Amino acid sequence: MSSRGLEATAAANSAPSSGRIEPLSAVAGNAPKLFNGFFEWFGSLGIFSWRVIQAAVTPPYEWRELIRQLDEVGSKSLPLVAMAGAAIGVILSLEARYSLSRFGAKSMFPATLVYSVIQVMGPVITGLIVSGRVGAGMGAELASMKVTEQIDAIEASAINPYRLLAATRILACILMLPLLTIATDACALLTGWFAQALVEPLSFHQFITDGFNGATFSAFLPQTFKTAVYGLIIGLIACFQGMRTRGGAAGVGRAATNSVVLASLFLILADVVLVKFILVFFP
Amino acid sequence: MGTAYDITVKQADPERVGLMPVIAVENVYKSFAGHRVLNGITLRVGRGETVAVLGRSGTGKSVLLRLIIGLEKPDSGSVSIHGQDLAGLGLDRMGEIRKKIGFLFQSAALYDSLTVQENVAFPLEHHRRDMSKSERTDRVRQLLAEVGLDSNIDRMPSDISGGMQKRVGLARALALEPEILLLDEPTAGLDPISSGEINELILKLQRERRMASVVVTHDLHSAKTIAGRLALLHEGDVAIEGTFEDLQQSDIGFVKEFLKQS
C-alpha cells in the first residue's frame with residue numbers, strides 16, 4: 001500500500017480510528033513511502049489524463065454513451081441539487097435577514113442573497129453534492145467493472161476503455177455541472193425569496209430587480225462556469241480511482257470512498273485557485 | 001512448487017506450426033511485484049491449430065493469454081501476432097490486432113448492465129457500424145444459436161447459469177469472426193455435462209472456422225478432447241509440449257506426477 005499515499009490518507013480519514021497511537025518513529029519511518037506514494041499517485045493521474053485526452057480527441061466518438069452519461073450525471077442529479085439549493089436558500093434567507101437587521105441594512109437583503117448564492121454557495125454546494133452522488137457512483141461502477149474483468153473484456157474487444165468509459169463520463173461531468181449549478185441557484189433564490197416573503201411582503205419581481213441591480217454578467221458567469229472545472233475534477237478522480245482498482249469487493253468500496261473524499265478535497269482546493277483567478281481576470 | 005524436476009523442453013514441430021506462426025511467444029519473462037510468473041516461455045501456434053496450456057495454479061497460464069492479447073506487457077521477450085510484434089503498439093493500433101482475436105475470460109466477464117443479446121451485440125455495435133440494426137440482431141441470434149442459446153437472450157447475465165454465461169462469452173468472442181481464439185478455463189466450475197457440451201462446441205467451431213486457438217485449462221480430459229497439442233507449464237516455462245501420447249511417454253517427473261494426479 002506504500003504506493004498509494006494519497007489513497008491511504010483518504011481511507012484513513014474516512015475510516016473510524018482504531019484508537020491505537022503509532023509511535024513517532026514508525027510514522028517517521030513511513031514518511032519516505034508516503035512521499036513516494038504521493039508523487040506516484042500524481043504521476044499515474046497524469047498518465048491516465050493523457051490517455052483520456054488522446055482517446056477523447058480521436059474518432060470514433062462514443063456519442064451514445066455520452067448521452068447516457070449526460071442523463072446519468074445531469075437528469076438524475078437534478079432533484080438532489082434542487083433540494084439542496086432550496087434548503088440553502090431558506091438558510092441564507094434566515095441568516096441574512098437576522099444579520100442585516102442588526103446593522104440596519106435590510107434593504108440589502110436581495111443583493112446579499114443573490115450574490116452569496118450565485119457567487120459562493122451555489123457552485124460549491126452543487127460541486128459537493130455531485131461529488132458525493134456521481135463520484136461515488138462512477139468510482140464504484142468502474143471499480144466493479146475492473147475487478148470482474150469487464151474493463152479487460154472491453155479492451156479485449158478492441159474498444160478503447162479510456163474513450164468509452166472515462167472520456168464520456170468526464171465530459172458529461174464537465175458539461176452538466178454548470179447547468180446543475182444554475183438549477184441550484186434558481187431553487188435557492190426562489191426559496192430564499194419565499195422565506196423572506198412569508199415574513200415581510202416582497203414581490204418576486206422586486207426581489208430580482210433589487211438583487212441583480214447593477215450586476216454585470218462578469219459578476220456571475222465566471223462563478224457559474226467555473227463549475228466545469230469541478231466537473232473535470234469529479235469525473236477525472238472517479239474514473240481514475242475506479243479504473244485502477246484492485247482487490248475485489250474491498251477494492252470497490254475503497255475506490256468509491258476515495259473517489260468522493262479526493263474529489264471533494266480537490267474541488268475545494270481548486271475553488272481557492274479559481275476564486276483568485278476570477279478576481280484577477282474578471283474584477 | 002518446491003520439488004525440483006528434470007525439465008526437458010520439447011519444442012513445437014516447425015512443420016505443424018508453419019514458417020510464420022499465427023501466435024509467437026518468444027522467450028518471455030513476466031514478474032508481478034517481484035514474483036516471477038513466466039520464466040523465458042516460448043510457444044508458437046499455427047493456423048487452424050489448437051494448443052491446450054496445462055499446469056498447476058499460479059504457473060502463469062492466464063498471464064500467458066493476457067500477454068497474447070496485449071492486456072499485459074512482457075518484462076522481456078516478444079509476443080507477435082501474424083508476425084507483428086505487440087511491443088510499443090498504441091491502444092488503437094493494438095485494437096486492430098485485437099479485432100482478429102476472440103477472448104473467453106475465465107469468469108466470462110459479461111457486461112452486467114447489458115442483456116445477453118446486448119453483450120453479444122457489443123463488439124458489432126462498435127466495429128461493424130456498416131451493419132443495420134436488423135442485420136446486427138440477426139447476426140447476434142445466429143451467434144447465440146451457434147453456442148446453443150436460442151432462448152433467454154433478453155435476460156441479464158446474473159440471471160443465467162455459469163455454463164450459459166460461458167456460452168454467451170464464447171458467442172461474444174466469436175462476434176467479429178476472429179482468426180485467433182483464446183479460451184481461459186472454458187470448463188472451469190461447470191458440471192461434467194456442461195463441460196462436455198462446451199468441449200463439443202469448441203471442437204465444432206474449430207472444424208468450421210479453422211482458428212488458431214490457445215486453451216488454458218486444468219482439465220486434462222478437456223485438453224485432450226479439444227487440442228491437437230498440449231503444453232504443460234512448470235515454473236513459468238513449458239516443461240513439455242506435444243500430443244497427449246507424447247506427455248504419457250515422458251520420463252519427466254513433474255509430467256508423470258501431473259498426469260497421475262489429473
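## Helix packing in chain A

The crossing of α5(A) and α7(A) is right-handed, a crossing being right-handed if the near helix is turned clockwise from the far one by less than a right angle, and left-handed if anticlockwise. Residues 109-147 form helix α5 of chain A and residues 161-199 form helix α7 of chain A, and the two pack at an angle of about 145 degrees with their axes 7 Å apart; axes are lines fitted to C-alpha atoms, for helices over the stretch in contact, and angles run from 0 to 180 degrees between N-to-C directions. The contact of α5(A) with α7(A) involves 18 nonpolar, 7 polar and 2 charged residues, where Ala, Val, Leu, Ile, Met, Phe, Trp, Tyr, Cys and Pro count as nonpolar, Asp, Glu, Lys and Arg as charged, and the others, Gly among them, as polar.

This is a predicted model, in which local features need pLDDT of at least 70 and side-chain atom pairs count only at pLDDT 80 or more, while totals for chains, interfaces and linings use all residues. Residues are numbered from 1 along each chain as its sequence is written, and chains are lettered from A and ligands numbered from 1 in the order in which they are written.

## F109 of chain A

F109(A), found in helix α5 of chain A, is buried, because 23 other C-beta atoms lie within 10 Å (buried means 20 or more such atoms within 10 Å, exposed 12 or fewer, and partly exposed in between, with C-beta atoms placed from the backbone). Apart from neighbours within four places in sequence, F109(A) is in contact with A96(A), R97(A), L100(A) and Q196(A), contact requiring C-beta atoms, placed from the backbone, to lie within 7 Å.

## Sheet and hairpin in chain B

In chain B, 4 strands form an open antiparallel sheet in the order β2-β1-β4-β5, with β2 (35-45) and β5 (84-85) as the edge strands; helices (H or I, at least four residues) and strands (E, at least two) are DSSP runs numbered from the N terminus, and two strands pair if DSSP finds at least two bridges between them. Strand β1 (residues 23-32) of chain B is joined to β2(B) by 8 bridges, and S31(B) has R36(B) as its bridge partner in β2(B).

Strand β9 (residues 229-234) of chain B pairs with β10(B) in the antiparallel sense over 5 bridges, and in their hairpin, which has 2 residues between the strands, E235(B) takes a positive phi near 50 degrees.

## Contact between the chains

Between the chains, 16 residues of chain B are in contact with 11 residues of chain A. To the side of chain B that touches chain A, α3 (91-98) and α4 (116-127) of chain B each supply at least two residues.

Note on methods
Contact = placed C-beta atoms within 7 Å.
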